[in-house]
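Trainee: Could we go through this structure together? I would like to begin with the record and then turn to the helices and the spaces between them.

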Amino acid sequence: MKQTTRLGVIYLLFFAFMIVTNYMSATNVGTVANQDQALIQPAGFAFSIWGIIYFLLFIWIMRIFFVNRWSGEIYTRIGYWLPANFLLNSLWIIAFTQEWVFLSVIIIIGLLLTLIVIYFKINRIDFRWYDRLPFSIYLGWVSVATIVNVFTWFVQSNTTTFLGLSEVPWTIIMLLIGTLLAVMIAFAYRDIFYPLVFIWAYSAIVVENSMPSIIVVTVICIAIQLALVVFILLRKK
């Protein structure tokens, strides 16, 4: 069995485990997330992006069985980082649904780090846009989800202030940090999909919560700026 085929089988096994874990716990995730919601909690419809991510990942994995040796380089470079990511995804579901929120924060940080490694490995080789597409969207969503997870832990542990600041200023700060990250990634790697995920998430945050006007105005300004970034990149392409 050649290396790419072996990797493909391993990817499918870990992917199946992740999907089954997510399917069995999907309702419980929403229940836990809706307890003592943080201001940065997105509306429920935003989480439908997981369906897109999983579908794109499945197509990406299946391609491994049909690529030639040269085209398979992207898979061999990523190697076992992807099954590690799928395992962490599953463990996060288990930890979060069991309301081990602090543990879920640790796990999602690990999940984010594996995605960063995968994303950078893809960008170091000659790739086609569809090689990176699933991971652009996946990384974008987990970037936002990590911030939300941290805020959920703060709120559910009754932490009202941190470093002398309450939830409202911290929400604005993290929204701005997320935006800066989205802009940097977009321009550095000419990636239009990564900032689009932030626009999607930020819109859902405004829809879900009755927020102070300063946060609403901040999110609107951010969305306009990110849309401008996408427009600039499309013009360059």
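Trainee: Which residues does the UniProt annotation "transmembrane region" cover?

Mentor: According to the unreviewed UniProt entry, that annotation covers residues 7-25, 45-66, 78-95, 101-123, 135-156, 168-187, 192-207 and 213-234. UniProt positions are given here in the numbering used for this model, with shortened feature names, and annotations may be inferred rather than shown by experiment. The model is predicted: local features need pLDDT of at least 70, side-chain atom pairs count only at pLDDT 80 or more, and totals for chains, interfaces and linings use all residues. Residues are numbered from 1 along each chain as its sequence is written, and side-chain values use heavy atoms, with hydrogens and water left out.

Trainee: How far apart are the end C-alpha atoms of residues 168-187?

Mentor: They lie 29 Å apart, and that span is 100% helix and 0% strand. For residues 78-95 the end C-alpha atoms are 26 Å apart, with 89% helix and 0% strand. Helices (H or I, at least four residues) and strands (E, at least two) are DSSP runs, numbered from the N terminus.

Trainee: Which residues of helix 2 are buried?

Mentor: The buried residues of helix 2 are I49, W50, I53, Y54, L56, L57, W60 and I61. Buried means under 20% relative accessible area, exposed over 50%, and partly exposed in between, with a 1.4 Å probe and protein chains only.

Trainee: Where do they fall, seen down the axis of helix 2?

Mentor: They fall within an arc of 165°, so they line one face of helix 2. The arc is that of the directions from the helix axis to the C-beta atoms. An α-helix has 3.6 residues a turn, so residues three or four places apart point the same way.

Trainee: And helix 9, how many residues has it?

Mentor: Helix 9 (residues 213-236) has 24 residues and reaches 35 Å from its first C-alpha to its last, close to the 34 Å expected. The expected span is 1.5 Å times one less than the number of residues. Its buried residues include I215, T218, V219 and I222.

Trainee: Changing topic, what is the phi of E99?

Mentor: E99 has a positive phi of about 65° although it is not a glycine. E99 is in the loop between helix 4 (81-97) and helix 5 (101-123), and at 44% relative accessibility it counts as partly exposed. R190 also has a positive phi, of about 50°, and is not a glycine. R190 is found in the loop between helix 7 and helix 8.

Trainee: Now the spaces. How much space lies in the second largest pocket?

Mentor: About 310 Å³. Of the 20 residues lining that pocket, the closest to its centre are L112, S143, T146, I147 and L181. On a 1 Å grid over the protein atoms alone, a pocket is an open set of points with protein on both sides within 12 Å along at least five of seven lines; a cavity is a set where a 1.4 Å probe fits but cannot get out, and lining residues have an atom within 4 Å of a point. Grid points are joined across faces, edges and corners, and a volume is the space filled by probe spheres set on the points.

Trainee: Which helix gives the largest share of that pocket's lining?

Mentor: Helix 6 does, with 7 residues.

Trainee: Which residues line the second largest cavity?

Mentor: I40, V144, I147, V148, M174, L175, F198, Y202 and I205 line that cavity, which holds about 40 Å³ of space.
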